[in-house]
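This report describes the pockets of a protein model and the surroundings of its ligand.

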Amino acid sequence: MTQVLIAYASKMGSTKEIADAIGVELLKLGVSADVRDVAGVTTLKGYDTVVLGSAVYAGRWRPEASRFVKRNAPGLAARRVWLFESGWIGKRPETITPSPFAAKWAGRIGAPPPTVFGGRLDPKLATGPIDRLLAKRMPGDARDWDEILAWARTLAAALTGDREEHR
Ligand SMILES: Cc1cc2nc3c(=O)[nH]c(=O)nc-3n(C[C@H](O)[C@H](O)[C@H](O)COP(=O)(O)O)c2cc1C
């Protein structure tokens with residue numbers, strides 16, 4: 001049976017919430033998934049599918065997510081992988097492009113181009129002075145839960161489609 005790892009890299013919690021929502025949706029659709037902080041994942045053993053998501057800061061993935069991809073590149077290349085990132089705030093940009101790191105590594109590990117979701121900035125959750133300053137200047141939550149759950153459903157459909165094919 002397909003076992004999915006949903007690993008996330010999140011500083012202020014919003015990417016974790018996206019990962020949790022994807023996990024709940026997959027479980028609802030009969031796909032077994034564990035949601036884990038990527039910093040604590042030491043092996044891919046036991047998982048045949050990986051969903052990896054990171055928050056974007058200054059145009060880059062969180063360091064623990066980048067490290068995970070580099071360290072586990074062969075294991076990821078041997079598995080079905082979907083990547084997502086979360087970041088933009090405010091009005092939806094006309095063109096949404098994934099960060100260069102994620103786009104490059106998706107190609108290297110044979111994953112589809114990363115999916116980009118909106119992010120959240122909340123001054124109450126910001127920790128360092130720079131994060132707080134930015135969060136105060138442009139607070140908001142651009143996460144579109146319908147879009148996120150629809151994406152989770154496309155993953156579930158792909159995975160359950162595999163199951164049917166292998167019967
Ligand atoms: C200092 C700072 C820099 C950021 N840089 C970017 C960026 O370059 N691109 C982007 O899309 N979002 C950027 N963001 C927005 C965050 O990615 C967004 O708030 C995200 O939802 C945070 O995720 P987290 O709560 O999981 O840490 C930045 C936020 C802060 C505080």
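In this predicted model, 21 residues line the largest pocket, and Val56, Tyr57, Gly87, Leu121 and Leu134 lie nearest its centre. The elements contributing two or more residues to this lining are α1, β3, β7 and α5. By residue class, the lining of the largest pocket comprises 11 nonpolar, seven polar and three charged residues. The space in the largest pocket amounts to about 380 Å³.

The largest pocket is the space taken by the ligand. Two or more residues of the shell around the ligand come from each of α1 (14-28), β3 (49-57), β7 (120-121) and α5 (129-137). The ligand is surrounded by 20 residues, the closest being Ser10, Thr15, Val56, Tyr57 and Arg120. Nine residues of this shell are nonpolar, eight are polar and three are charged.

| Residue | Protein atom | Distance to a ligand oxygen atom |
|---|---|---|
| Lys11 | backbone N or O | 2.8 Å |
| Ser14 | polar side-chain atom | 2.8 Å |
| Thr15 | side-chain N or O | 2.6 Å |

On its own, the ligand has 650 Å² of accessible area, of which the protein covers 84%.

The second largest pocket has a volume of about 160 Å³. Its lining consists of Gly59, Arg60, Trp61, Pro63, Ser66, Arg67, Lys70 and Phe101. Both β4 (60-61) and α2 (63-71) give two or more residues to the lining of this pocket, and α2 supplies the largest share, with four residues. Three of the residues lining the second largest pocket are nonpolar, two are polar and three are charged.

Methods:
Residues numbered from 1 in each chain as written. Predicted model: local features only at pLDDT ≥ 70, side-chain atom pairs only at ≥ 80, totals over all residues. Heavy atoms only, no water. Near = heavy atom within 4 Å. Polar contact = N/O pair within 3.5 Å; in protein donor to acceptor, adjacent residues only side chain to side chain. Areas by Shrake-Rupley, 256 points an atom, 1.4 Å probe, with all protein chains shown as cover. 1 Å grid on protein atoms, 1.4 Å probe; cavity = no way out; pocket = protein on both sides within 12 Å on 5 of 7 lines; lining within 4 Å. Sits in = over half its atoms within 2 Å of the grid points. Nonpolar A, V, L, I, M, F, W, Y, C, P; charged D, E, K, R; others polar. Points joined across faces, edges and corners; volume = space filled by probe spheres on them.
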